[in-house]
Amino acid sequence: MNNKTFESRRTVILIIILSVGFIFTMRLLFIQVFNPKWKNESLKISETKRIVEPERGIIFDRNGKLLAANETIFELKLTPNRVKDFDTAQLSDLTGVPYDSIKPRINKLKRYWRLKQVFVKRVPQNKVSKLISVIYKFKGFELAEKSIRTYPSNCAAHVLGYVREVDGEIIKNKPYYHGGDRIGITGLEKYYEDKLRGRRGENQFLRDAYGNLKQLTDYEIANSGKNLVSTIDVELQKYGEILMQNKIGSVIAIEPSTGEILASISSPTFNPNQLVGDSLSHNWRKLRNNDSLKPLFNRALKSKNSPGSIFKMVQGLSSWELGVIDYDTKIYCDKSIVGCHGHSQVRGLADAIMVSCNPYFYETFKRISTSQEGEDLHIKTRKGITIWNNYVTSFGFGKDLQLDYPGYSIGNIPSAKTYDKIYKSGMRWNYRTCNSLAIGQGEMLITTFQMANLACVMANRGHYYFPHFVKKIENDTIKPIYSIKNNTKVEKNKFEYIVEAMQQVIEGSGGTARRAKIEGIEVCGKTGTVENSRGKDHSVFIAFAPKHNPKIALVVYIENGGYGGTWAAPIASLMIEKHLTDSISNERREKRILDANLIPIND
């Protein structure tokens, strides 16, 4: 083939290629630029995904009454670049937004003119149906359903906690959450967040050029959160909150045979619905800034206090089990050792508990602390207090009781190492340094729910179950540890003698809690008066009832309440009677408590 023929063929092929390219180019130009039909059709096949939020799980009380539920509300949203002229007066009437504020509010949102934004967070319920019927008149606006948390019982704010929208920090640390999601912040809402939140779903749609959803192409169903049945008795909880009005302190009641918490009251408290919806931030700041009363602080589960004389039962039982005393041991009430209120001569351990004799228990602590071999008193005391600590912590003090609640305190039971740190300068401490532990003072700090747990130990004659707030989870199980029996180091038979003494605290002629007596119910209890260097002493009382087959064990701790028998004991008796009989027989006692204002007045 000569060169001329080759050049001719190459020219033809090049012309063909250029011609095909030109034809395709012109066709694409026609479809994409000149013909709006094809342009619109291409836009119609774009897809969009819509998240389907699950319903948050509901929380019930032990009898099926609602504690935490969900309410459907309607938001009004708008996309600024799609808004057309509308009747401003009508929109103002339907939404509650002042007439003069509507246009400025829209102008403010125009910064993100293509994005759908919330215009009204909550349309008035009585206007929703009307707005639905006329929403077509308001171009660029649309109604959207939204679920918010509500607390129908209006109580147990510290137990339930609250939810709010996630912030950037939460999204960063918890990849599951997206902007606009809600999360439990405190209480059971936080502890059981993974159970309550459910699992979001997703719908995938075809969308037209105007953003309208045309066809559902794929979906994933949202799974609602799991419902919880709590251990709380809402009627007892409400009654306890009423009794604790105008008082600072806490009450915890437990079913001793299971460890189920019947009521948990921190006073002052607040209505949990204050931390719901648009007013959450404002109300939270208002509650937080109440420095003198600290209503947001959960005193029942986070406050650490000296237990006072209620600890004498633990001290007495441990001393008896260790053999430094027996049931009939008599110890002289020597007020030169430590102050004590007037009472008859102590005839034994039960008598010492009934009249709450301080010198008696000081002596038992001395005997434990010096019962071991050693070169000197310091060495003996170090060994003795280590043994003492082992016995005391077996009652649940200073231990993690595995509570299903976030951020609770554990407290502190001092050990030999505690005093080694305090006296690290080289002073060789001994039992005289720390003998105030014998009466529940000094460096000993425990929480209110640990005090309530002690009431359970006494009711059960030597064992307890870990306290907990939830008894059932929908299609799930609670932690198995809540069915484990925890025994103390004291033999069971010894508890029966102390229970007799606890009954005499209420019924005996020299008892310190005669105000807790209930006709027809055998109540067993122990008072405590805790020294307070910053004001009036704290009033403490633990109890259980009935004496045999107990149904309720509780503690009442009243800050600045004075003697344990004055205020804490009668409050406990009212709670016990309410739970056991659903009635109150002593109306004068109830009125006295309801009328009492024990909040210190700041000068």
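Modeller: Val251 stands opposite Ile265 in strand S12. The model is predicted, with local features requiring pLDDT of at least 70 and side-chain atom pairs counted only at pLDDT 80 or more, whereas totals for chains, interfaces and linings use all residues. Residues are numbered from 1 along each chain as its sequence is written, and side-chain values use heavy atoms, leaving out hydrogens and water.

Strand S12 is joined to strand S11 (residues 249–255) by seven bridges in the antiparallel sense; strands pair if DSSP finds at least two bridges between them. Strands (E, at least two residues) and helices (H or I, at least four) are DSSP runs numbered from the N terminus. The open sheet has five strands, in the order S12-S11-S20-S19-S18, with antiparallel pairing. Its edges are strand S12 (260–267) and strand S18 (524–530), each of which pairs on one side only. From one strand to the next, the twist averages 5°.

Helix H21 (residues 568–581) packs on this sheet. The helix touches S11, S12, strand S19 (538–545) and strand S20 (552–558), contact being heavy atoms within 4.5 Å. The direction of H21 makes about 150° with that of S20; axes are lines fitted to C-alpha atoms, for helices over the stretch in contact, and angles run from 0 to 180 degrees between N-to-C directions.

The aromatic rings come next. Rings of Phe, Tyr and Trp (its six-membered ring) pair if their centres lie within 6.5 Å, and planes under 30 degrees apart are stacked, over 60 edge-to-face, the rest tilted. This rule gives 18 aromatic pairs. One of them is the tilted pair of Phe311 and Phe397, with 6.1 Å centre to centre and 35° between the planes. This pair links distant parts of the chain, 86 residues apart: Phe311 is in the loop between strand S13 (304–305) and helix H13 (312–322), and Phe397 in the loop between helix H16 (377–393) and helix H17 (416–422).

Tyr419 lies in helix H17 and Trp429 in the loop between H17 and helix H18 (431–434), so the pair ties together parts ten residues apart in sequence. Tyr419 counts as buried because its relative accessibility is 1%, and Trp429 is buried at 1% too. Finally, Phe86, Phe119, Phe138 and Phe141 form one aromatic cluster.

Notes:
Buried < 20%, exposed > 50% of the residue type's maximum accessible area, 1.4 Å probe, protein only.
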